[in-house]
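Colleague: I have just been handed this one and have not looked at it before. Could you walk me through it, slowly?

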Amino acid sequence: MRILVVEDEKKVAHFIEKGLREHAFTVDVAYDGEDGFFMAAGEEYGCIVLDILLPKMDGYEFLRAIRSKSIKTPVIFLTAKDAVDDRVKGLELGGDDYLVKPFAFAELLARIRVLIRRGKEKKVDKLKVGDLSLNLLTRTVVRAGKKIELTPKEYSLLQYLMQNRGRVLTRTMISENVWGYDFDTFTNVIDVHINALREKVDRGFPTRLIHTVRGVGYVLEKREKK
Ligand code: CA
């Protein structure tokens with residue numbers, strides 16, 4: 001895993017570089033924001049450690065620049081000042097986490113590991129349950145090699161069910177997450193949509209994936225035949 005450290009204070013930069021190398025990371029160091037930006041644009045990093053006060057291009061400009069280039073690498077920024085404003089600004093500009101200097105290396109290492117793990121999860125662009133798969137990029141749904149046409153609402157509903165596979169979802173959870181608000185308790189909009197989805201996703205296939213949990217809601221999962 002390759003990490004980019006953008007830090008103009010050589011002592012701090014070397015301290016981070018040495019520590020990360022000892023933990024089997026490959027490390028590149030940039031001593032100003034501009035160099036850092038070119039490196040971030042030209043190489044895929046697992047994480048970027050970013051100082052805020054930097055020559056040529058400061059950490060905020062750097063963040064804005066990489067995010068506008070759609071570089072989604074997780075960024076942990078270092079701030080010398082313990083000012084809330086700095087941290088809020090950094091997070092709003094697309095930073096993922098921050099550390100206030102001075103910090104313990106173990107703390108930085110722990111935060112980097114969390115960000116790398118999270119970054120990997122974000123890259124999931126396909127959901128799969130049994131022989132049913134949903135591609136989040138192309139918004140296509142396929143079951144056992146057969147393409148299934150869904151309305152936008154049915155698609156959103158299926159996506160929500162698949163993201164929560166194996167978990168029982170109440171009608172309230174479904175309405176809040178798929179429709180954005182809670183329906184009146186007596187409406188059957190969700191049941192109607194679930195039935196439509198079942199017709200398309202489950203009908204004609206040997207195993208059903210969408211199950212009713214009586215009095216509670218619905219669950220999507222692959223159940224082993226008893
Ligand atoms: Ca600095």
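Modeller: Let me begin with a term: donors are N, O and S atoms within 2.8 Å of the metal (3.2 Å for Na, K and Ca), and water is not among the atoms, so sites may look incomplete. The donors of the calcium ion here follow the spacing D-x42-D-x1-L along the chain. Please keep in mind that this is a predicted model, in which local features need pLDDT of at least 70 and side-chain atom pairs count only at pLDDT 80 or more, while totals for chains, interfaces and linings use all residues. Residues are numbered from 1 along each chain as its sequence is written, and side-chain values use heavy atoms, with hydrogens and water left out.

Colleague: Which residues are the protein donors of the calcium ion?

Modeller: They are Asp8 and Asp51, each through OD, and Leu53 through its O, at 2.1 to 2.3 Å from the ion.

Colleague: And is Asp51 buried or exposed?

Modeller: Asp51 has a relative accessible area of 4%, and it counts as buried because that word means under 20% relative accessible area, with exposed meaning over 50% and partly exposed in between (1.4 Å probe, protein chains only).

Colleague: Zooming out, how many helices and strands does the chain have?

Modeller: The chain has eight helices and 12 strands, where helices (H or I, at least four residues) and strands (E, at least two) are DSSP runs, numbered from the N terminus. The radius of gyration of the chain is 23 Å, well over the 17 Å that the globule rule gives for 226 residues, so the chain is more spread out than a compact globule. That radius is taken over C-alpha atoms, and the rule is 2.2 Å times the number of residues to the power 0.38. Along its principal axes, the C-alpha trace spans about 65 × 35 × 30 Å, and 44% of the 226 residues count as buried.

Colleague: What is the strand order in the sheet of five?

Modeller: The order is E2-E1-E3-E4-E5 in an open sheet with parallel pairing, two strands being paired if DSSP finds at least two bridges between them. The edge strands are E2 (26-30) and E5 (97-100), each of which pairs on one side only. Neighbouring strands of this sheet are turned by 20° against each other on average, direction ignored. Strand E4 (residues 75-79) is joined to E5 by four bridges, and the two run parallel, with Phe77 standing opposite Tyr98 in E5.

Colleague: Which helix packs on that sheet, and which strands are touched?

Modeller: Helix H3 (residues 59-68) does, touching strand E1 (2-6), strand E3 (47-51) and E4, and its direction makes about 150° with that of E3. Contact means heavy atoms within 4.5 Å, and axes are lines fitted to C-alpha atoms, for helices over the stretch in contact, with angles running from 0 to 180 degrees between N-to-C directions. Among the buried residues of H3 are Tyr60, Phe62, Leu63 and Ile66. At the start of H3, a side-chain oxygen of Asp58 comes to within 3.0 Å of the backbone nitrogen of Tyr60, and after the helix comes Ser70, whose phi is positive, near 60°.

Colleague: Changing topic, what joins E7 and E8?

Modeller: Four bridges join strand E7 (residues 132-135) to E8, and they run antiparallel, with Leu134 having Val141 in E8 as its bridge partner. E7 and E8 form a hairpin with four residues between them, and Arg139 in the turn has a positive phi of about 55°. Strand E8 (residues 140-143) has a covered face of Val141 and Arg143 and an uncovered one of Thr140 and Val142. E8 also pairs in the antiparallel sense with strand E9 (residues 146-148), over three bridges.

Colleague: Last one: where is His211, and what does its side chain reach?

Modeller: His211 lies in strand E11 (residues 210-213) and is buried, at 6% relative accessibility. Its side chain reaches the backbone oxygen of Arg208 at 3.3 Å. E11 belongs to an open sheet of three strands, in the order E10-E12-E11 with antiparallel pairing. Strand E10 (169-170) and E11 stand at the edges with a single partner strand each, so one side of each is left without a neighbour in the sheet. Helix H8 (residues 189-201) packs on this sheet, touching E11 and E12.

Terms used. A polar contact is a pair of N or O atoms within 3.5 Å; within protein, one must be able to donate a hydrogen and the other to accept it, and residues adjacent in sequence count only if both atoms are side-chain atoms.
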